[in-house]
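Let's read a structure together, one feature at a time. Have the sequence and the 3D view open as we talk.

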There are 2 protein chains.
Amino acid sequence: MSSRVQRKRIRKDPAARRAEIVDAAAAVALAEGLECITLRRIGEDLDVRPGLISHYFPSAEELVAEAFGTAARNELDGLLPAAAPGRRPTERLARFFAHTTGEAYDAISRLWINARHLSRYRPLLRDRVAEQEGAWRGRLAALLHEGVADGEFRTADPDVTTIQILVVLDGLGAHANTDTGNRPTAVTRMAITLAERELALPAGALAPPVDDAPEDAAGDGAATDGA
Amino acid sequence: MSSRVQRKRIRKDPAARRAEIVDAAAAVALAEGLECITLRRIGEDLDVRPGLISHYFPSAEELVAEAFGTAARNELDGLLPAAAPGRRPTERLARFFAHTTGEAYDAISRLWINARHLSRYRPLLRDRVAEQEGAWRGRLAALLHEGVADGEFRTADPDVTTIQILVVLDGLGAHANTDTGNRPTAVTRMAITLAERELALPAGALAPPVDDAPEDAAGDGAATDGA
DNA sequence: TTGCTTATTGGTCGCACACTCAATAGCATC
DNA sequence: GATGCTATTGAGTGTGCGACCAATAAGCAA
């Protein structure tokens, strides 16, 4: 990749090229930030002239908005898959919380902070942010409603509980660019504590990382305490 | 002001000029955002050539960091005055919460989002953000400790409670650039609810805006329910 | 093979930014 | 009123950005 001496033009299907551009931009958004999505930068990543990016996205802001939407949607699908065959709501929620801490989630938090700030100046991005907030809220709310219907959760208003959980997660993620470490456990686990209380679950019901991807489950020795 | 035809130089005391520059930058930061602090912009506001700003702040990043620090410190002093003669901790905390909702606080939330994001790229700003986070945390923690000492609050660890309150406020403020309105009361009052629970206060103890500046107390008819 | 559509290029323009520095002119001091 | 210090100016440099557009060539269809 990135063979700069290449002069040969590679002509691609417009839809494929467009998707390629959006994917590259989404990757840059997650790794370095939305303001690093420039025509020159994305063109360089794809070994293509900046003018081509302009060809597909007449205004650069459109690309930024699209890149955020794609990145946020992908992350949501990773955290809260819409389809989870054979998984109980409690299990899915626990898995969700297990993924909302650690370095991996910091990148997502950074992206949200980035988007929420930049949307102050970029109307198109602001629309996308609102759209994704709705998507995240909707996905979590659906899970809570399902849990209530199944009798696993018990709450007066699942929609309110949904927002409360997201507010706490936003608050915890707000510091992703400054201090990640040395936070008291009572703070780190605020979201879980809140969810367990609001959903009338026994303490600890959401705590142990019941994860279907145990490759990064190493390390935390606290998994032994059954409380 | 801003008489552009003015050619006459006004020579000021360096310390005063420097303060003037920082104040102007802090105002821009609050009203329009930290990235709007440019040499040109501040120079224009003060009717002075951009080079002069460079003279006082060899690197523009220094000015941005200083502006944020000043703005954040001023806002903290407005929200949680260090000295509050004759005010009980409960009263002061209630006043604090009364000020952490509404349009006025949105500007502060925006500034924090702005700073937290921009600190990703600006080390000097990152230091200032950390410093101000410490200042806000310290100020609130001091209030909680005082309340515990006076017997008004009862909590296992005031420092943990402090962080929990701030996390919720950060979460609520995260959306300052998108959706401000139509949030359920159970969400809007999350910080108060948390504080009352964690400090073992009766429900509603922190709710009514016991405010010494009642000029904006109009509107919310819910102030009549004593519960 | 020939021709045509259009994806792709290369080059350019204007703008806004931070930064540099010699020249200038307030203003306090003598 | 003259002098010296230095705050302030004016002009210029270089960089990176989005946007624009005519020229070019890839690859499909005839």
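**How the two copies meet**

A: Let's start with the contact between the chains, keeping in mind that this is a predicted model. Of the interface residues of chain B, 100% are also interface residues in chain A, so the copies meet through the same surface.

Q: How many residues does each chain bring to the contact?

A: Chain B contributes 28 residues, and chain A contributes 28 residues. On the side of chain B that touches chain A, the elements giving two or more residues are α6 (103–118), α7 (123–149), α8 (158–173) and α9 (185–188) of chain B. The largest share, eight residues, comes from α8(B). Sorted by class, that side of chain B has 13 nonpolar, eight polar and seven charged residues.

Q: How should I read the way in which the copies are related?

A: In general, two copies of a chain are related by a rotation about an axis and a shift along it.

Q: Could we look at one residue in detail? Is B:I113 buried or exposed?

A: Burial can be judged by counting neighbours, with 20 or more other C-beta atoms within 10 Å as the cut-off for a buried residue. B:I113 has 26 other C-beta atoms within 10 Å, so B:I113 is buried. This residue lies in helix α6 of chain B.

Q: Which residues does B:I113 touch?

A: Leaving out residues up to four places away in sequence, B:I113 touches A:I113, A:R116 and A:H117 in chain A, along with B:A174, B:A176 and B:N177 in chain B.

Q: Now the DNA. Which residues come nearest to DNA strand D?

A: There are 26 residues around DNA strand D, and those that come nearest are A:R9, A:R11, A:T38, A:A60 and B:G51. The elements giving two or more residues to this surface are α2 (39–45) and α3 (50–56) of chain A, together with α1 (14–31) and α3 (50–56) of chain B. By class, the surface near DNA strand D has nine nonpolar, six polar and 11 charged residues.

Q: And what about DNA strand C?

A: Of the 26 residues around DNA strand C, the nearest are A:G51, B:R11, B:T38, B:L39 and B:A60. Two or more residues come from each of α1 (14–31) and α3 of chain A, and from each of α2 (39–45) and α3 of chain B. The surface near DNA strand C divides into nine nonpolar, six polar and 11 charged residues.

Q: Finally, how many helices and strands does chain A have?

A: Chain A has 10 helices and zero strands. Of its 227 residues, 37% are buried. Among chain A contacts between residues at least 6 apart in sequence, 66% join residues at least 24 apart.

Q: What does UniProt place at residues 15–75 of chain A?

A: An unreviewed UniProt entry places the feature "domain: HTH tetR-type" there. In the model, residues 15–75 of chain A are 77% helix and 0% strand, and the end C-alpha atoms of the span lie 23 Å apart.

Notes:
Residues numbered from 1 in each chain as written. Chains lettered and ligands numbered in written order. Predicted model: local features only at pLDDT ≥ 70, side-chain atom pairs only at ≥ 80, totals over all residues. Near = placed C-beta within 6 Å. Helix = DSSP H or I, 4+ residues; strand = E, 2+ residues; numbered from the N terminus. Nonpolar A, V, L, I, M, F, W, Y, C, P; charged D, E, K, R; others polar. Contact = placed C-beta atoms within 7 Å. Buried ≥ 20, exposed ≤ 12 C-beta atoms within 10 Å, placed from the backbone. UniProt positions renumbered as here; feature names shortened; annotations may be inferred.
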